[in-house]
Number of protein chains: 6
Amino acid sequence: MKLLLANANTTAAITALCAEAARAAAAPGTEVIPATPRFGPAVIATRAENIIAGHALLSLVAEHAGQVDAVVLAVSHDTALEAARQLMPCPVVGMTEAACLLACTQGARFGLVTFGGVETYRERIAQHGLAGRCASLVGVDATPQEAVRDRAAVEAKVLRGITHAATEGADSVILGGAALAGMAARLQDASPVPLLDGIACAVTLAESLVRLRLPKPRLGSFAAPQGRESVGLDAPLAAMLRGFT
Amino acid sequence: MKLLLANANTTAAITALCAEAARAAAAPGTEVIPATPRFGPAVIATRAENIIAGHALLSLVAEHAGQVDAVVLAVSHDTALEAARQLMPCPVVGMTEAACLLACTQGARFGLVTFGGVETYRERIAQHGLAGRCASLVGVDATPQEAVRDRAAVEAKVLRGITHAATEGADSVILGGAALAGMAARLQDASPVPLLDGIACAVTLAESLVRLRLPKPRLGSFAAPQGRESVGLDAPLAAMLRGFT
Amino acid sequence: MKLLLANANTTAAITALCAEAARAAAAPGTEVIPATPRFGPAVIATRAENIIAGHALLSLVAEHAGQVDAVVLAVSHDTALEAARQLMPCPVVGMTEAACLLACTQGARFGLVTFGGVETYRERIAQHGLAGRCASLVGVDATPQEAVRDRAAVEAKVLRGITHAATEGADSVILGGAALAGMAARLQDASPVPLLDGIACAVTLAESLVRLRLPKPRLGSFAAPQGRESVGLDAPLAAMLRGFT
Amino acid sequence: MKLLLANANTTAAITALCAEAARAAAAPGTEVIPATPRFGPAVIATRAENIIAGHALLSLVAEHAGQVDAVVLAVSHDTALEAARQLMPCPVVGMTEAACLLACTQGARFGLVTFGGVETYRERIAQHGLAGRCASLVGVDATPQEAVRDRAAVEAKVLRGITHAATEGADSVILGGAALAGMAARLQDASPVPLLDGIACAVTLAESLVRLRLPKPRLGSFAAPQGRESVGLDAPLAAMLRGFT
Amino acid sequence: MKLLLANANTTAAITALCAEAARAAAAPGTEVIPATPRFGPAVIATRAENIIAGHALLSLVAEHAGQVDAVVLAVSHDTALEAARQLMPCPVVGMTEAACLLACTQGARFGLVTFGGVETYRERIAQHGLAGRCASLVGVDATPQEAVRDRAAVEAKVLRGITHAATEGADSVILGGAALAGMAARLQDASPVPLLDGIACAVTLAESLVRLRLPKPRLGSFAAPQGRESVGLDAPLAAMLRGFT
Amino acid sequence: MKLLLANANTTAAITALCAEAARAAAAPGTEVIPATPRFGPAVIATRAENIIAGHALLSLVAEHAGQVDAVVLAVSHDTALEAARQLMPCPVVGMTEAACLLACTQGARFGLVTFGGVETYRERIAQHGLAGRCASLVGVDATPQEAVRDRAAVEAKVLRGITHAATEGADSVILGGAALAGMAARLQDASPVPLLDGIACAVTLAESLVRLRLPKPRLGSFAAPQGRESVGLDAPLAAMLRGFT
């Protein structure tokens with residue numbers, strides 16, 4: 001099984017980090033194909049960057065259409081997830097989406113701990129229709145740079161965030177954002193509740209979907225584009241909008 | 001991997017039917033262990049039966065605690081799902097729960113088609129926190145008996161139900177209830193949207209969860225019972241309420 | 001009027017306590033008939049126990065079908081309430097349900113104070129469709145044992161919980177759980193808002209419903225079971241599933 | 001027990017009709033005291049009339065403050081209910097409020113059938129926080145005049161509305177509006193679900209509340225007004241805004 | 001353009017204050033016509049006063065029907081807004097309504113800071129259907145009297161409330177209540193987010209609506225009253241209920 | 001006042017059409033500056049096109065940053081609205097957003113009529129937090145081509161859609177999509193409720209916001225980007241991500 005691991009920012013080091021996590025989670029026989037967009041933000045931290053990265057991501061996945069069995073979006077904002085899902089002829093899974101859906105099988109409500117602001121995560125979870133399953137959003141006061149420089153101190157902060165989420169009713173906690181990659185494994189023993197890593201969740205969920213062999217919808221807003229004209233787009237993306245002949 | 005397929009009604013023929021579907025969906029290496037409760041309703045069609053079957057199901061899964069890697073509840077009402085999840089030291093997945101969660105990866109909203117009344121499905125989907133993802137609930141006017149006697153006519157009705165759900169905005173449709181087992185495969189080609197079979201969804205989701213190796217929560221309302229006393233229960237269930245050690 | 005007061009756990013002392021409260025609240029002419037299940041948990045504190053107790057409760061009420069004018073469920077989780085309501089030919093009222101409904105007549109929003117975790121109360125209130133009327137859920141850090149041993153200290157804690165709920169917008173407060181029985185009367189004078197006792201609320205509400213003489217629905221998911229077969233159940237419960245005649 | 005039955009429109013014939021229904025529902029020993037405002041709309045059919053009637057109703061109940069044990073608002077819009085509740089030193093119950101709350105004990109969801117538009121009922125039920133318990137709102141195309149002139153035809157229409165609500169999931173149906181007074185009793189036998197009459201529900205609920213002897217809140221937005229100055233109001237209403245003593 | 005600025009309480013000094021704010025916000029060519037009711041509460045601080053003031057406000061605006069191009073309700077509770085909107089042949093805008101709608105264009109969610117209790121604001125925002133856009137309601141512990149006596153101290157409290165709302169996710173903050181009039185301008189520089197003044201928002205929104213020249217609905221619950229009879233009302237209001245011609 | 005009218009698709013004819021509508025709605029002294037993206041879809045009809053157009057739109061508005069007083073997005077999907085709002089130092093208004101907000105001042109609930117599918121409008125309105133104010137979404141079975149070829153027939157269909165929305169409770173109706181531009185004026189007389197044109201609403205709302213002179217938030221997810229690095233973007237957009245100075 002070929003699994004496209006599509007980053008939505010242009011930082012290849014983050015793609016590599018996510019690919020490592022994806023390979024660790026993948027079943028035997030799953031080939032992880034990492035990919036980084038050619039344009040867009042270095043890191044997605046604002047609404048504007050997220051929109052731009054959406055286009056970059058669609059360009060990226062379009063290049064691989066027909067050549068992979070599934071796509072995992074390696075971006076914690078699930079950037080352009082629904083559009084990529086409509087566009088591609090294979091399953092597409094977002095990492096936060098996957099973590100939220102699997103968290104639903106771990107208890108009644110989940111929490112999410114990340115660095116910095118939580119409002120865009122709140123909105124994304126609401127767009128996923130899962131606001132009622134989310135007990136707590138915790139924004140830890142730390143930066144990716146601090147996480148590298150002073151790992152122990154930052155991980156202690158994250159653990160306090162996890163515990164806070166649990167006391168607010170979270171039966172499991174999602175660690176959101178590339179900067180927290182790998183922490184789930186290191187903090188799990190000290191955590192009162194299961195910790196969910198978005199990449200691992202997305203990889204296993206994508207594998208499940210490949211095995212279920214569901215066709216794409218032919219009706220509605222997720223039916224593949226057909227006959228759509230455009231200007232100035234990369235050839236593969238423009239071709240997908242026109243549809244397969 | 002050992003997967004307990006726990007029916008919640010006492011009709012062994014339905015257990016067998018579900019086991020067949022589970023084996024068809026299971027990955028190589030997954031052993032499906034079907035099980036039928038010793039007491040309770042022949043079929044669950046009322047609120048009272050669903051409560052009684054919940055106890056029967058807990059008794060049943062308790063017998064297998066520690067001997068299986070995961071549990072799939074082969075009952076479309078997800079009977080006693082949360083309680084079984086709390087009780088068992090392994091992942092537990094409900095078939096409608098699984099279908100709903102995977103349907104979330106197929107589009108914006110899903111539909112559900114079943115025989116007879118839909119109100120208890122509406123409630124269960126709301127309890128799963130997914131009411132906002134459900135576009136349409138269709139109760140087809142047919143009985144399991146008719147489905148056997150006049151399969152073509154009933155499947156035509158179900159297909160009309162599927163199409164109706166799609167026009168109401170469903171990007172995928174769940175076929176709910178044991179009486180519709182196997183129909184997803186037969187009707188898929190004629191359906192405008194992907195059809196989800198609860199057993200297949202639950203089996204793959206359970207396999208995913210086993211591979212993720214998440215620990216159980218030690219805190220909150222899903223932490224395993226400990227020191228709970230009871231009267232007149234089957235020994236394995238009473239033992240699980242008291243807790244291990 | 002004969003009022004069945006059905007406990008859902010097997011501790012007769014709790015049944016007796018609730019019966020005393022019920023008699024204090026009942027109108028002249030109301031006979032309170034206390035009943036305790038023959039099997040199930042000693043106390044309901046986990047999801048698994050609640051499911052088991054649901055079966056036990058249905059067995060218990062089935063024994064009294066046709067012999068009582070109404071049923072009050074003396075269990076703060078409203079265990080198996082909807083199923084008992086479907087099953088019985090008379091009104092059935094849950095104690096937390098009743099307290100919530102009557103709290104709606106005391107102001108805009110209510111609070112609930114109980115011992116320990118509040119998540120299952122949050123879910124139950126949401127299932128009652130009343131989440132929007134609930135301003136605050138307070139879990140007091142105390143046990144039933146402490147409430148007996150050091151009543152003054154625990155009641156001071158409960159009063160702080162009540163006041164907290166009021167500052168969060170609760171115009172009235174429900175005291176939830178058998179362990180808080182009787183506290184409403186003792187703490188009312190010191191409380192800034194009215195305190196609701198579930199048993200008292202349920203008894204008066206049941207009496208009201210008896211006087212209204214509403215028929216049971218003949219359609220939908222609350223119509224009485226008819227012709228339902230089962231295995232291994234107590235004779236009265238099995239008979240009710242088959243239906244009268 | 002003295003029960004003020006306060007109409008909110010100025011049509012004494014409607015007050016008399018409601019008083020008759022109230023007396024039929026009241027327990028022995030309950031004295032029903034009907035009252036009609038001195039100013040305001042003849043019938044409340046618009047938003048503007050409902051606001052004006054709110055003031056008229058407050059003036060009316062203020063005259064009886066301290067002289068009655070409870071108040072039932074005999075107006076299907078529950079006009080000024082929350083304000084009257086704040087103002088009066090005794091329980092105050094609205095007829096649609098009461099019907100909705102008691103309908104919650106009859107099944108999962110209820111319907112409401114009335115003459116004409118349903119939007120303001122939709123809003124009122126949502127303000128009561130019970131939108132999730134309402135399955136169906138049916139506006140029958142008929143007028144109070146027609147109901148008098150051609151009772152059989154109009155009642156047939158209402159019965160079709162009731163049946164429609166039941167097929168949409170209503171386990172019980174509220175008949176809303178004075179023009180449908182008395183129909184519940186006449187249509188009940190033909191109805192597949194229980195029919196709720198607002199006046200009967202409100203009277204029994206008010207009697208229950210009187211027996212529970214709950215104090216009024218001293219905190220929050222339902223605490224009685226104190227020291228509020230006004231201009232040009234009836235003396236009793238102005239006095240209540242200033243507070244006692 | 002003639003803009004009626006209708007206060008709902010009887011304190012002319014507050015009308016004057018609001019008129020000053022309205023004139024500061026109005027476009028050149030907009031004439032602000034302040035008006036104060038002849039009866040009702042001096043200030044609206046309770047539910048009962050708000051209902052009474054609703055009638056007073058309708059009487060007041062009815063006097064100006066046909067003589068003004070739009071109405072702004074200068075009362076932070078948006079008292080009788082929907083009724084005035086139905087009644088009047090021109091646009092009617094509430095000051096908190098306007099602030100909430102314009103706040104929606106400043107970010108994802110807004111906050112509201114006021115003196116005293118926030119529960120009635122919570123309800124009003126929910127009635128406006130905007131609960132999901134409201135991040136935070138802050139009740140500052142201060143009185144209008146203190147705001148005059150010790151302006152600096154009270155404004156410091158308000159600023160702390162604003163900052164708190166921002167940390168809870170508010171991208172803008174509404175200052176609610178006449179007692180905070182003028183503070184938005186003084187505190188804006190120190191505030192991390194834009195501050196919205198209800199009067200200014202309502203005036204500009206009303207001007208926009210006048211320019212859009214939208215007709216009134218002829219159908220539904222906002223169609224103008226026609227042929228409605230009443231007793232004891234001011235002549236202009238009674239005339240409007242009967243309808244023109 | 002300079003008002004940038006930013007189309008999000010690359011069809012200049014649609015930009016011109018919208019500019020004409022904008023100029024008709026604009027106040028004297030408002031200069032409308034139409035602009036069309038250099039890349040992206042010819043028309044936005046799919047999820048993928050909407051994402052791509054989002055990037056194109058941000059590139060477009062970034063070119064005008066600092067040179068205009070406000071931006072109106074002339075695209076019925078409110079494409080990239082929140083991102084543009086974060087990015088630009090002036091007010092940004094979406095045409096469907098504006099129509100929804102102003103519709104809130106016309107009654108309780110609004111409807112929306114458009115050509116084709118309605119699901120993405122349903123989602124957008126929900127993201128605006130206004131699902132509770134939306135009574136009806138009507139997808140008319142017609143194409144823009146038909147609207148040109150057989151205007152009378154298509155407008156009759158749209159009018160039937162409007163009337164249907166009104167009977168479902170809409171007090172006003174938004175005509176959504178460029179293909180319905182101009183219809184509001186032509187159909188208004190025959191419509192039972194006011195019709196809202198997105199461009200006209202957005203222009204007047206933008207003018208209001210300019211006059212209110214609200215600062216941009218310095219905190220939260222709408223604070224302007226600062227120091228954000230990117231690859232391969234147009235110079236103005238890259239500059240705005242880095243921030244001023």
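Two residues are in contact here if their C-beta atoms, placed from the backbone, lie within 7 Å. Helices (H or I, at least four residues) and strands (E, at least two) are DSSP runs, numbered from the N terminus.

## Before you start

This is a predicted model, where local features need pLDDT of at least 70, side-chain atom pairs count only at pLDDT 80 or more, and totals for chains, interfaces and linings use all residues. Residues are numbered from 1 along each chain as its sequence is written, while chains are lettered from A and ligands numbered from 1 in the order in which they are written.

## Two helices crossing in chain B

Let's begin with a pair of helices. Met95(B), Thr96(B), Ala98(B), Ala99(B), Leu101(B) and Leu102(B) in α4(B) meet a set from α9(B), made up of Gly198(B), Ile199(B), Cys201(B), Ala202(B) and Leu205(B). (Ala, Val, Leu, Ile, Met, Phe, Trp, Tyr, Cys and Pro count as nonpolar, Asp, Glu, Lys and Arg as charged, and the others, Gly among them, as polar.)

Two packed helices are described by the angle between their axes and the distance between the axes. For α4 (residues 95-103) and α9 (residues 198-212) of chain B, the angle is about 80 degrees and the axes are 7 Å apart. That makes α4(B) roughly perpendicular to α9(B), a label for angles of 65 to 115 degrees. Axes are lines fitted to C-alpha atoms, for helices over the stretch in contact, and angles run from 0 to 180 degrees between N-to-C directions.

## Where chain A meets chain F

Here, 36 residues of chain A are in contact with 36 residues of chain F. On the chain A side, β3 (40-41), α2 (47-63), α3 (81-87), α5 (119-127) and β10 (230-231) each give two or more residues, and α2(A) gives the most, with nine. This side of chain A divides into 15 nonpolar, 14 polar and seven charged residues.

Strands join in too: β10(A) pairs with β3 (residues 40-41) of chain F in the antiparallel sense, over two bridges. (Strands pair if DSSP finds at least two bridges between them.) Val231(A) sits opposite Gly40(F) in β3(F).

## The sheet in chain A

Chain A has an open sheet of four strands in the order β2-β1-β4-β5, with parallel pairing. Its edge strands, β2 (31-35) and β5 (92-94), each pair on one side only. Within the sheet, β1 (residues 2-7) and β4 (residues 70-74) of chain A share five bridges, and Ala6(A) has Leu73(A) as its bridge partner in β4(A).

Helices lie against this sheet. One of them, α2(A), lies across β1, β2 and β4 of chain A, at about 160 degrees to β1(A). Another, α9(A) (residues 198-212), touches β1, β4 and β5 of chain A, and its direction makes about 165 degrees with that of β4(A).

## A helix face in chain C

Which residues of α10 (residues 235-242) of chain C are buried? They are Leu237(C), Met240(C) and Leu241(C), where buried means that 20 or more other C-beta atoms lie within 10 Å of the residue's own. Seen down the axis of α10(C), they fall within an arc of 100 degrees, so they line one face of the helix; the arc is that of the directions from the helix axis to the C-beta atoms.

These buried residues pack against β3 (40-41) and α2 (47-63) of chain B, along with α2 (47-63), α3 (81-87) and β10 (230-231) of chain C. Just after α10(C), Gly243(C) takes a positive phi of about 95 degrees.

Technical notes
Parallel < 35°, antiparallel > 145°, perpendicular 65-115°, else oblique. Buried ≥ 20, exposed ≤ 12 C-beta atoms within 10 Å, placed from the backbone.
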